[in-house]
Amino acid sequence: MSTSALYNDQGGAEPAVEAAQESAPTSAGSAAAFGLFSADFKKNEDLKEMLESSKESLKLDAMKRVVGLIARGKNASELFPAVVKNVASKNIELKKLVYVYLVRYAEEQQDLALLSISTFQRALKDPNQFIRASALRVLSSIRVPIIVPIMMLAIKEAAADLSPYVRKTSAHAIQKLYSLDPEQKEQLIEVIEKLLKDKSTLVAGSVVMAFEEVCPDRIDLIHKNYRKLCNLLVDVEEWGQVVIISMLTRYARTQFVSPWQQDAVFDENNEKTFYESDSEERKDQMESKPYIMDPDHRLLLRNTKPLLQSRNTAVVMSVAQLYWHLAPKHEISVVTKSLVRLLRSHREVQFVVLQNIATMSIQRKGMFEPFMKSFYVRSTDATHIKTLKLEILTNLANEANISTILREFQTYVKSQDKAFAAATIQAIGRCATNITEVTDTCLNGLVLLLSNRDETVVAESVVVIKKLLQTQPSQHCDIIKHMAKIFDNITVPMARASILWLMGEYCERVPKIAPDVLRKMAKTFTAEEDIVKLQTVNLAAKLYLTNSKQTKLLTQYILNLGKYDQNYDIRDRTRFIRQLIVPSEKSGALNKYARRILLAPKPAPVLESSFKDRDRYQLGTLSHSLNIKATGYQELCDWPAVAPDPSVRNVEVPQPVKEWAPSVGKTKQAKSDKFYSDDEDEKEEEGSDSGTGNSSSSSSSSSSSSSSSSEESGSESEEESSEESEKTSSDSGKSSSGSEESSTESESDQKKKKKKKKNIKKTLQKRNKQPTVADSDSDENGNGPVKRASSSSAESSSETDSEDSLDSDPPKVQQNKNIQVKSKPKVEKKPKNEVSLLDLDDFSPAPTSAPNSAYVSSSLLSDLEGLSLSNVSTSFQVTTPTFGPVKTYELLHHMTGKGLSAKYHFPRQPCLYQPSMVAVQVTLTNSSDHSLEEIHIGGRNPASLNIHCFNTVERLESEASVTVSMGIDFSDSTQAANFQLCTKEDQFNVSIQPAVGELLMPCTMTEQDFCKEQGKLLGMNETSATITMATASTSVQTVRKQVLSVANVGVVSSSQSTFHRFAGRTVSSGSLVLLSLEVKDSAAVLTINTEKSVVASMLLRDLKQALAQA
Amino acid sequence: MIHSLFLINASGDIFLEKHWKSVVSRSVCDYFFEAQERATEPENVPPVIPTPHHYLISVLRHRIYFVAVIQSEVPPLFVIEFLHRVVDTFQDYFGVCTEAAIKDNVVVVYELLEEMLDNGFPLATESNILKELIKPPTILRTMVNTITGSTNVGEQLPTGQLSVVPWRRTGVKYTNNEAYFDVVEEIDAIIDKSGSTITAEIQGVIDACVKLTGMPDLTLSFMNPRLLDDVSFHPCVRFKRWEAERILSFIPPDGNFRLLSYHVSSQNLVAIPVYVKHNITFREGSSQGRFDLTLGPKQTMGKAVESVLVSSQLPRGVLNTNLNPSQGTYTFDPVTKLLTWDVGKINPQKLPSLKGTMSLQAGASKPDENPTINIQFKIQQMAISGLKVNRLDMYGEKYKPFKGIKYMTKAGKFQVRT
C-alpha cells in the first residue's frame, strides 16, 4: 500500500486517520466497511480533517476517498466546504477530483459553490488551452442558476477562442446552459450560428449536437454550412459523425425532392443487377432518368459512403439509415454488406442492427436475400437475437428459397429453447400464408408437430393451424378431426380454446365429433381456464344453432354453469348468448338473426410481421428500437413536392490560393482548400459529367462562384496590366529623362484607353473564334512588351475556365517583373525604349520576336532569380495554350507529409528554365499547427533526372500556402519523376507522373504545312483508330475542348468542319506530333502522326477515352 | 445524451454510479432488475428498456452490466458502442475488467469516465489520448508518485487531440523499433447432422502491435487483396488509397490496435479444417443414452489443429455422464448440463474420441433434440482464406524497423448440429 509509507513518515498522524486509511476505498473489498451509517459518518469527520490539513498528499488521499464515496452513491455533501477550498490547488489531480466533486454537489450547495467561481474565471484566461477548456467544462457543469450570465459570457468568449479544443468545449457548454436556463435560447443560437461556421473538424460534431439540442428546427442555420459539413464529415471524430449524419438526414428530407419518383420501375428483380455494380455505373443509370438529383444531395450520399467502412458500429448504422431514407432505391443496397458485417459484433449491437434489418427486409427483400445464411440461428444466440433472426428469415422467404428456409425452421422447432421453438412455429405459419405453394406442406408439418411432447410447441401449432385453416377450411376436415382427437392431451388453455373455436366454426363439417367434444367440455367446464370457458360457451351456442336436437340439453347445462361462474366476463357472455339463441318472449327480433350473427363467415386473420409499421420511425433511432415515440424524437418529414431554393446553400468560395509568398492573413482559405479541394474537384467534374444538358441546374455553387471570381480576376488583370504599362513606361521615362515624365504619362494614358478598347474587341473576337487565337496571337505579338502583356492577360481572362483564375492571376504580378528584367538584356534599345513603346503600334510585327514574346507572356510563373532566358532555337512556333484545363494532382497528402501537403498541376506554359522541361506548378500548404522551414527539393531518382528546383521556401506558416514552379525534363516519357520534398526535419518521397498530353507543346502551322508534315510521317509513324463519339460531342467546339483537355496541342485551322487538326511538339526532343480527327456522324477516325510511337499510342488511348466519354 | 451510468454485478448490486448531468436516482435500475428477472439467462436481458421517464440501454460484458440512463432520443447503437468502448478502455488500463479491478481503481475509473464524456457526449475515447490525460496505474508508477508527489493526471492537452492524426501522439521513442501484425481469421460455420456445411464464412482481423519511433507512415499490401470482400478500418487507414490501389496506407497508432477487420467474400468456398463424427442417441423408455464423438482434421494444408475444445449443452433430462476420452479431459456440470472436452492437439494418426453413456432422469421422456456441439480450435501459421501479406514498407522515418507477421486461423462460431 503506497499510502501507508506516507503515513509512517508523518509521525504525528492521529490514530483515527490511520484507521480510516486502513479501509480506504482503494483497497479491495472495503465496501462492507462502509455499510454502517455510523461508520460512514465517522469517516467523513476524518476526511474533513484530512482535507483541511496542509499536506497535499493527505488532501489528495482524502479526495480519492471522497470520490470513492460518490462512486458508490454515498452522500458526501457535508464535506462541501472542506472540499471547495481546494479548488485552487496547484496539484492537478487534486484539482480534477475537486472538480468531480463540485459538479456532483454544486446543485445542492449553491451558495458554497459560488465560492469556487472566481477560480474558474481566472482559469478561463489561462494561457494553457487545456486549463481554459477544463475550467469552462466545470463552470458550465455547475448547475447553479445564479451564474447563468457568467456562463453565457464564458461561452461567448470561448467560442471565439483560438484553440479548437476550447471552442469544442464551448459547444458542449451551450447545451448545459440551455438545459439550465432555456430563456437563453436566442443568445445561444447566436453562438451556435457562429460555431457552425467553424472549420475545425474538432468542433463540427459538438456544435451540431448543440444545434440538435437547442434549436433543431432552425434548419436555416445549416444551409450555408451544409457543403462544409458534408466535406468535413470524413475527418470528424466518429461520435460527431453520427450526430451530423442524422441531422443531415433530416435536413436533406426538407431540402431535396424525392429520388424515388420512378421507383415503380425498379422492382426487386432489377435491383439484383445493381447490386454488384459500382457507384459509377449507377450514376450512369441515373442520368437516363428525367429526375436529376440535386448535386448537394449527391454530395451527401457520396461523402457518407466511405463511412460504411468505419469501425464504429453507430457510424455504419447512421450511414445505413441515411441511405435508406435519402438514396434512390436502387442505391440503398450498398449498405447491406456493412450491416451484415455488424452482426459479428457484440450481442447488443446485433440486437439493434437486426431490428433495423427486420424493418428494411419487409420492404426490400432483395437487399438481404443474398445474405440469408448470415441470419441462420445458432444455438448459442440469445433468445431475442434468435427471434429477430427468425423474423428476418420469414421476411426474406419467397418461392425460390422457401424450401431452404423451411428445412432450417425444422431444426429450430426442435430447439431446447421452447420460446424460440414457439416463435418458429408462428414463422412457419406466416410463410404458409404468404407463399401459397407451401401452405399444404406447412400445414402437414404443423400437424405432425401436434404429436410433439412439448406442450408449448403443440399449443403454438394449434393456434397457427387454426389461423391457417381459417383461410381454406373446406379441405381440412381431417386436420380438425385429428385435433379433436388430441384435444384431451392438450393442456395449454390457448390451444384448447383454439380447438374449441375451430370445432364451433366448422361444426357442420364434423357433425359427429363436435357434440362429443362439447360433452367432454361440459364435464370439465368448471376446471377450465377462463379463455377455454368462453370458447366452450361459444361452441355450445353454435352447436345449438346447427344441431339443437343433440346438444340442447348440453348447451343449457353449460349456460347454467356459466351463469354462476366466478368470472363476470363469463357470466356476461353466458347471459348474452342465452338471450341470443334461446327463443323466449323477451328476446325479440335479435333471435332470428342469431345464426347469422354467430355463424357469419369470418375473414381470415392476416399474419403479419411485427415490424410492419416500424418504418414510421427513422431507422436507427431509439424510437424505432422500442416502437414507441421516445422523448425528443424528431419526425422525419416527407420529401417536399418542390425543392426549396438550392442557392441558399451557396457559399462564397474563397479565392483559391494564389499567394506567391506565404501569407498568414489567408489561413482560412488555405485551410479550406487543403483538406478537401480534391473532393471539390471531383464534385465539379462529376457535376459536369452528370449534368449533360442540364449543366445550369447541376452546376454547383463552387463552379458558379469560381466563374465569377475568374471574371473578377479578369477585370483585375486588365487593370493591372494597364497599371503595368504605366509603370513600365514611367520607368523607362525615368531612365531617359525626368522632364518627359508628364508627357509620357499622358500619352501612355491615351494609349491605355486605346488598348483597352482593343483588348475588349479582341476578347470578343476570341470568344467567337477561339481556334484562330494562335494565329492572331502570333501576329500581334510583335506589338511590344506592353501590348503583349495586356493581350495575354486579356486572353487568360477571357478564355480560362473557372479554375483558370488560379494560374492566370499570379502570373500578372510577375509578368511586369519579367518584362522589366527582360528589358535588361536589350541594353541598346533601352534609351529609346520610350519611343519604341509609343511607336510600336505602327511597327509591323516582327515574326522573329514571336517565340520570345510568347515566352515572356507565359513565363509568368518563374521566380526572378531563376530567370535564365537561354536562347532557344525557335524553329517551331510555340504558342500559348488555347485551352487551360487545370487538373490538380496530389503530390503529398497532409497526413503523409506531417502537415505539409503539396498539389501540382501543369500550367501548360513553356518552361522558363530549359526548353526541354515541362513546367510544373506546385502548391505547398502547411496544414500542421507549427510553421515549416526550409522546404526544398532533395534527392531525386533516377539521379540523372533533370529537375529545375524551386528556390527553398524559407518558412511556411501554419495554414499558409505557397505556389512555386519547377521544371522537369521527362525526356518525352511518362515515367514518373521521383524526388524528395524536404523540410528542415523531414523528407518525403514524392513522384510526379505526367499525362502524355502534358509532354507536348502546342505549335501553329497552316493547313498546308500540316498536310505536308503529315505526308512525311506516314507508315510506321502513323497510328490511327476509330472512335465512337458521344453524340453530344460532335460539335466543333466540344471536340476541340475534349482534345485540348487531354493534350497540350495547338489548333490548326481547318477548311472542313468535320476535319479537326491539331499540332504540337514533344517538349524534350521537339518531334512533331500531328493529330487529325475526322468526324463522321458518331464515329470518328483519329490519326496521330509522330516519330514517337509510344507517345502516339498513349495519346491515342487518352484521347479515345476522353472523346468517348463526352 | 448519456445521463448516467450504473455498473451492476452479477448478483444485482450497483457498485458504481456516475452522473454527467443532474443526478438520477439509482432506483431507476429497478426497471432493469425487473427485466433481468423476466429473462431466463443473463444474455436475454433486452439491451434497450423503456421506463416512464428514462430509457435504459445496457451491455453485458465480463458479467457486469453497464447500464446507461438516457432521457431523450438518441441512436441506441451510439450508446451501446460507447459503453463497449468504456469496457475496452477499462480492460486496456487495468488488464481485466472485473468488479474487483474497477473497485480497486475507482479513482482512475472516475477520472476516465469524466474525460470520456462531457455532458453526456463523448469527448475523448481514443486510448492514446486518454493515456496522456490519465496514466494507467502500474505498481512502478504508484511508487514513483508516492515518492515524488507527481500525479497520474496530465496537465497538457494531449497532442493527439488537435492533430490531424488524433490516434497518435507525437514524440514516441523506442530503442527497438518493431511492427508486428497478426492476421487472425475466424471460421463461422454451421454443420448439419450429415456433415454437410449449411453456412460457413470467414471473418478476419489484422491486429497490430506497432512500436515505432516518430511519425512512421506505413503501407501494407496484400498478394491477393481481392479476397477481402467487406472491410472496416481503423480511422488511421487512408480510404482513398485502399479504394484506388487496394493498399493499406496509414500512420499507425502507438501500441496495440486493430488495423482492419474483413469479411472474405462468400463466393469463395470455405475450407472446413475439422470434421466431427457423432452418434448421440437417447432411447425411448430407457434411462441411458449413448454418446460417441470423434474428431478429425481435414483440409488443414498440413498444419496441426491445436487447442481444440468441444462444448455442448446437453438436454435438461441428462443427469450425468460417464464418458471416456481417448485424450484430453472432459467435465460435465450436472447443474448447467454443460459438457466440455478439452482435446488439445488433434493427432491425425490417432483421432481423439469421447465415448460413453449418459444417464437420464428416470421416467422423463426422451429429449427431442440432440445437443449442438460447439468447437473451438486454432491453427497456427495459416490464414484459411489464403490471404497473404505482400510487403510492409515504412516511409517518413529513417531507421529500419523489425517487421513481423503472423497468421492464425481460429474457430469462430463453429457449430455442429447433431
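Start by selecting residues 918-926 and 961-969 of chain A: these are strands β3 and β7, which pair in the antiparallel sense over 8 bridges. Strands here are DSSP runs of E with at least two residues, helices are runs of H or I with at least four, and both are numbered from the N terminus; two strands pair if DSSP finds at least two bridges between them. Pick out Thr925(A) and you will find its bridge partner, Ser961(A), in β7(A).

A word on what is on screen: this is a predicted model, where local features need pLDDT of at least 70 and side-chain atom pairs count only at pLDDT 80 or more, while totals for chains, interfaces and linings use all residues. Residues are numbered from 1 along each chain as its sequence is written, chains are lettered from A and ligands numbered from 1 in the order written, and side-chain values use heavy atoms, leaving out hydrogens and water.

Now widen the selection to the open antiparallel sheet of 5 strands in chain A, ordered β1-β2-β3-β7-β5. Which strands stand at the edges? They are β1 (889-892) and β5 (946-948) of chain A, each with a single partner strand, so one side of each has no neighbour in the sheet.

Next, select Leu339(A). Leu339(A) touches Met317(A), Ala320(A), Val353(A), Ile357(A), Met360(A) and Phe368(A), leaving aside residues up to four places away in sequence; contact means heavy atoms within 4.5 Å.

Last stop: helix α4 (residues 56-71) and helix α6 (residues 92-105), both of chain A. In this pair, α4(A) residues including Leu60(A) and Met63(A) meet α6(A) residues including Leu97(A) and Tyr101(A).
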